[in-house]
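Here is a friendly walk through one protein model. Please keep the sequence and the 3D view open as you read.

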Amino acid sequence: MPIALDDIRRAAAILAGELPVTPTVAARRLSEQTGTRLFLKLESLHHTGSFKERGALAKLRSLDEAAARQGVIAMSAGNHAQGVAYHATRLGIPATIVMPAQTPFTKVERTEAYGARVLLHGETLSDAEAFAHGIAARDGLTFVHPYDDPLIIAGQGTVALEMLDAVPDLDILVVPIGGGGLIAGIATAAKALKPGIEVIGVEAELYPSMKQTLAGEPVTCSGATIAEGIAVKAPGQLTRAIVRDLVDDIVLVGEECLERAIYTLITEQKLVVEGAGAAGVAALLDDPARFRGRTVGTVICGGNIDARVLASILMRGLVRQRRVVRLRIGLSDAPGALAKVAQFLGDAGGNIVEVYHQRLFHNVPVKMADIDVVLETRDPAHVDAIIAKLREAGYPAELMDDVS
């Protein structure tokens with residue numbers, strides 16, 4: 001195996017005093033929902049918002065004086081870029097980060113703000129990686145791989161040391177998988193310290209690269225996922241070997257389940273989490289029977305979610321809970337009719353968000369109109385009561401886009 005428990009302990013000693021021990025907290029509300037005793041490792045609380053700082057710092061601290069003076073280069077479109085940029089700058093090591101040309105400007109700006117030189121190249125991370133290796137060879141820079149490096153894996157494995165120190169009786173560890181650095185390090189440490197512990201990996205359904213690679217199947221990854229931090233098409237050579245030997249199972253979670261996990265974490269646990277960081281919780285919510293009655297730990301591996309994506313997920317969560325609904329209401333096309341319905345909805349306790357008045361494009365009589373009302377409500381029972389009252393008052397009403 002490329003790394004062992006002693007390597008992870010050495011990494012922990014290197015990180016001590018430079019990185020905080022992130023809390024492992026009991027998730028009581030989620031425990032009730034899943035029938036488990038659930039603990040969350042809050043890696044989202046690092047300065048740059050993800051666990052990637054561990055491996056990056058372990059790698060940077062391994063450089064001799066000449067290599068540190070020459071500088072490092074990495075390819076990344078997200079958390080690894082920021083972890084390398086922040087700690088390289090802090091240690092006085094010149095850092096270059098190669099990002100795909102279409103990387104969102106906010107990520108580019110944030111990485112530059114941490115002190116790195118950012119180069120945009122290629123359409124994909126593979127393009128960026130090839131370009132970065134070329135510059136590394138030309139300029140004598142040390143390449144800092146996001147996951148397929150023994151020192152990176154060892155740094156990420158320190159997560160398991162802290163989790164088992166905080167909760168020694170964990171039965172299962174549920175860990176997101178992208179390239180595999182995090183789960184490879186965690187599995188190495190956890191299985192050495194507690195051989196009977198179960199380690200389960202979680203991939204986004206749209207990017208099942210590790211699961212398919214280990215099964216000997218063609219890798220089929222495509223589509224836009226909210227778990228972009230684990231949207232990796234090619235897992236590492238070192239990491240896949242460790243995962244094959246030490247990880248008990250890999251499960252896949254769909255986009256709706258990832259959304260639900262993000263929504264649940266912010267509303268129930270008051271934690272802002274990115275899609276990749278919510279993958280472990282998504283696996284529990286998707287199949288609670290598998291984990292019921294067990295003591296489970298999962299890694300909230302990152303919190304860098306785009307504000308617009310988060311806002312959309314929160315609103316979609318309210319729709320799923322029928323706390324925001326769209327009603328289609330029929331009324332006479334006469335002066336004052338709309339005002340009467342608005343008054344009626346207010347009296348019933350609904351809060352009108354938007355109103356669409358339809359006369360031309362629905363199949364309604366010429367002297368009638370349909371209005372679509374987006375309404376805030378208390379819960380599904382409140383929605384049903386409002387619809388019943390509208391119908392009793394002579395207003396035909398139906399719930400549109402019911403996703404309950």
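The report below starts with the whole chain, then turns to one helix, a loop residue beside it and a pocket.

## The chain as a whole

Please bear in mind that this is a predicted model. The protein chain contains 17 helices and 14 strands. Along the principal axes, its C-alpha atoms fill a box of roughly 85 × 50 × 40 Å.

Of the 404 residues in the protein chain, 53% count as buried. Among contacts with a separation of 6 or more, 72% are between residues 24 or more positions apart. The accessible surface of the protein chain is about 17700 Å², and carbon and sulfur atoms account for 52% of that area.

Just after H5 comes Gly-92, with a positive phi of about 75°.

Which residues of H5 are buried? They are Asn-79, His-80, Ala-81, Gln-82, Gly-83, Val-84, Ala-85, His-87 and Ala-88. These buried residues pack against two helices, H3 (52–61) and H6 (105–113), and against two strands, E3 (72–75) and E4 (95–99).

## Thr-48, a loop residue

Thr-48 is worth a look in the viewer. This residue is found in the loop between strand E2 (37–42) and H3. Is Thr-48 buried or exposed? Thr-48 counts as buried because its relative accessibility is 2%, and buried means under 20%.

Leaving aside residues up to four places away in sequence, Thr-48 touches Glu-53, Gln-82, Gly-83, Tyr-86, Tyr-114 and Asn-304. Gln-82 and Gly-83 are also among the buried residues of H5.

## The second largest pocket

Our last stop is the second largest pocket, which holds about 250 Å³ of space. Helix H12 (255–268) and helix H15 (307–320) each supply at least two residues of its lining. The largest share, eight residues, comes from H12.

The lining residues are Gln-33, Glu-256, Cys-257, Glu-259, Arg-260, Tyr-263, Thr-264, Thr-267, Glu-268, Gly-317, Arg-320 and Gln-321. Sorted by class, the lining of this pocket has five charged, five polar and two nonpolar residues.

Key
Residues numbered from 1 in each chain as written. Predicted model: local features only at pLDDT ≥ 70, side-chain atom pairs only at ≥ 80, totals over all residues. Heavy atoms only, no water. Buried < 20%, exposed > 50% of the residue type's maximum accessible area, 1.4 Å probe, protein only. Helix = DSSP H or I, 4+ residues; strand = E, 2+ residues; numbered from the N terminus. Contact = heavy atoms within 4.5 Å. 1 Å grid on protein atoms, 1.4 Å probe; cavity = no way out; pocket = protein on both sides within 12 Å on 5 of 7 lines; lining within 4 Å. Points joined across faces, edges and corners; volume = space filled by probe spheres on them. Nonpolar A, V, L, I, M, F, W, Y, C, P; charged D, E, K, R; others polar. Areas by Shrake-Rupley, 256 points an atom, 1.4 Å probe, with all protein chains shown as cover.
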